[in-house]
Amino acid sequence: GLFLPSQDSPTTLTRFVLENIRSSKAPEDIVDLISSIQFACKKIASLVSRAGITNLTGLFNEGKSINIQGEEQKKLDVLSNQVLKNALKYSGKMGVIASEEEDVPVTVDESFSGTYVAVFDPLDGSSNLDAAVATGTIFGIFKQEVSCLIEDMADNIEPSQLHCLASTLQPGSRLLAAGYCMYSSSTMMVLSLGHGTHGFTLDPEVGEFVLTHPYMKIPKRGQIYSFNEANYHQWDPVLQEYIENLKSGKNRSGKCYSLRYIGSLVADVHRTLLYGGVFGYPGDKKNPNGKLRLLYECAPMSYLIEQAGGKATNGKQRILDIVPNTTHERQPLILGSEEDVDELMHVYTKYAAKL
Ligand code: P6P
């Protein structure tokens with residue numbers, strides 16, 4: 001198990017990673033990467049908390065800047081992406097970076113280039129920022145499979161650089177580390193190095209993330225479902241029946257579930273991790289693959305949930321087994337308590353048998 005020092009001297013994130021790197025599956029020098037990421041998250045937390053004061057709410061470039069997602073970029077989307085990219089570059093360990101805010105993966109120039117691939121959504125849920133609703137940074141770290149050319153893959157990708165893309169297209173089962181930083185009533189970093197999922201709370205008085213939730217374990221079953229029911233009529237009949245049964249108590253627990261939906265992935269996953277239940281952004285008639293991105297949203301979140309004893313699927317297969325075809329591909333996502341996810345999968349299997 002992990003080393004949990006006595007609580008009189010709080011365990012900072014840096015100390016935790018240093019003291020447990022050997023028992024995790026991550027290589028030693030990932031400590032530098034986690035240190036860079038936590039610096040970036042502290043900076044983003046500060047920017048987010050003061051957005052209204054420093055005129056950083058609202059759209060970047062009067063809404064004329066549209067990212068590859070087809071979404072108007074917020075000022076803080078662009079800024080947090082830059083903060084995270086720089087922090088990772090100057091870690092000296094980074095080879096390739098894939099971000100929700102970058103059209104194509106970016107290779108780190110020669111003097112800094114290292115052997116890791118970082119995938120991240122620098123500020124997920126930023127559409128909630130102007131209303132001061134929780135947002136978050138989601139990240140994952142892979143080993144770089146192939147050596148990448150060093151110049152930036154700016155607009156066009158040379159055929160010789162295509163293999164650089166490949167180094168980002170890895171299944172979540174190959175993650176060395178994954179985590180999120182949630183900017184809410186408190187700033188929390190939830191991280192796994194392949195040896196459990198652990199939560200750290202930012203102590204603003206000292207500017208350090210302090211271990212507050214060692215070995216997080218998601219309840220085997222919860223009593224909360226977290227779906228955007230506005231899409232109900234677009235869902236497949238199996239999911240509609242499953243959700244109706246959660247509401248009516250006609251499910252294995254015999255209990256009626258509550259609905260909690262914040263509309264910010266990091267906050268909805270964090271609450272599911274702590275309280276249990278099931279979160280879903282399923283595919284529907286309009287968007288068969290749902291809305292969430294496999295590489296830097298579904299996979300890191302699924303990694304954390306599995307490390308905490310939960311399950312994550314796209315309705316057909318385990319999220320962590322899915323090999324991405326493109327950097328920004330979407331996948332339906334259902335994750336949460338083991339018994340809740342199993343019950344939904346059982347209903348899907350039963351339905352498929354009738355086809
Ligand atoms: P909807 C936020 O915009 C986001 O990308 C995720 O954080 C969140 O889970 C989802 O979209 C919410 O989408 O369609 O329910 O508003």
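The structure is a predicted model, in which local features need pLDDT of at least 70, side-chain atom pairs count only at pLDDT 80 or more, and totals for chains, interfaces and linings use all residues. Residues are numbered from 1 along each chain as its sequence is written, and side-chain values use heavy atoms, with hydrogens and water left out.

The protein contains 8 helices and 13 strands. These are DSSP runs, numbered from the N terminus: helices are H or I with at least four residues, strands E with at least two. Of the 355 residues, 57% are buried (under 20% relative accessible area, with exposed over 50% and partly exposed in between; 1.4 Å probe, protein chains only). Among contacts (heavy atoms within 4.5 Å) with a separation of 6 or more, 64% link residues 24 or more positions apart. The protein exposes about 14,900 Å², and carbon and sulfur atoms supply 52% of this area. Accessible areas come from the Shrake-Rupley method with a 1.4 Å probe; for residues, only the protein chains shown count as cover.

Strand β11 spans residues 278-281. In a regular strand, side chains alternate between the two faces of the sheet. Both faces of β11 are covered. Val-278 and Gly-280 are buried on one side, Phe-279 and Tyr-281 on the other. Strands pair if DSSP finds at least two bridges between them. β11 pairs with β9 (residues 224-226) in the parallel sense over 2 bridges. Its pairing with β13 (residues 333-336) is antiparallel, over 4 bridges. Phe-279 stands opposite Ser-226, and its bridge partner in β13 is Leu-335.

Glu-102 lies in the loop between β1 (94-99) and β2 (106-107). Glu-102 counts as buried because its relative accessible area is 15%. Its side chain makes polar contacts with those of Asn-81, at 2.9 Å, and Lys-85, at 2.7 Å. A polar contact is a pair of N or O atoms within 3.5 Å; within protein, one must be able to donate a hydrogen and the other to accept it, and residues adjacent in sequence count only if both atoms are side-chain atoms. Leaving out residues up to four places away in sequence, Glu-102 touches Ile-68, Asn-81, Lys-85 and His-328.

The residues around the ligand (a heavy atom within 4 Å) include Gly-125, Ser-127, Asn-228 and Tyr-281. For the side chain of Tyr-261, the distance from an N or O atom to a ligand oxygen is 2.6 Å. Taken alone, the ligand exposes 400 Å², of which the protein buries 80%.
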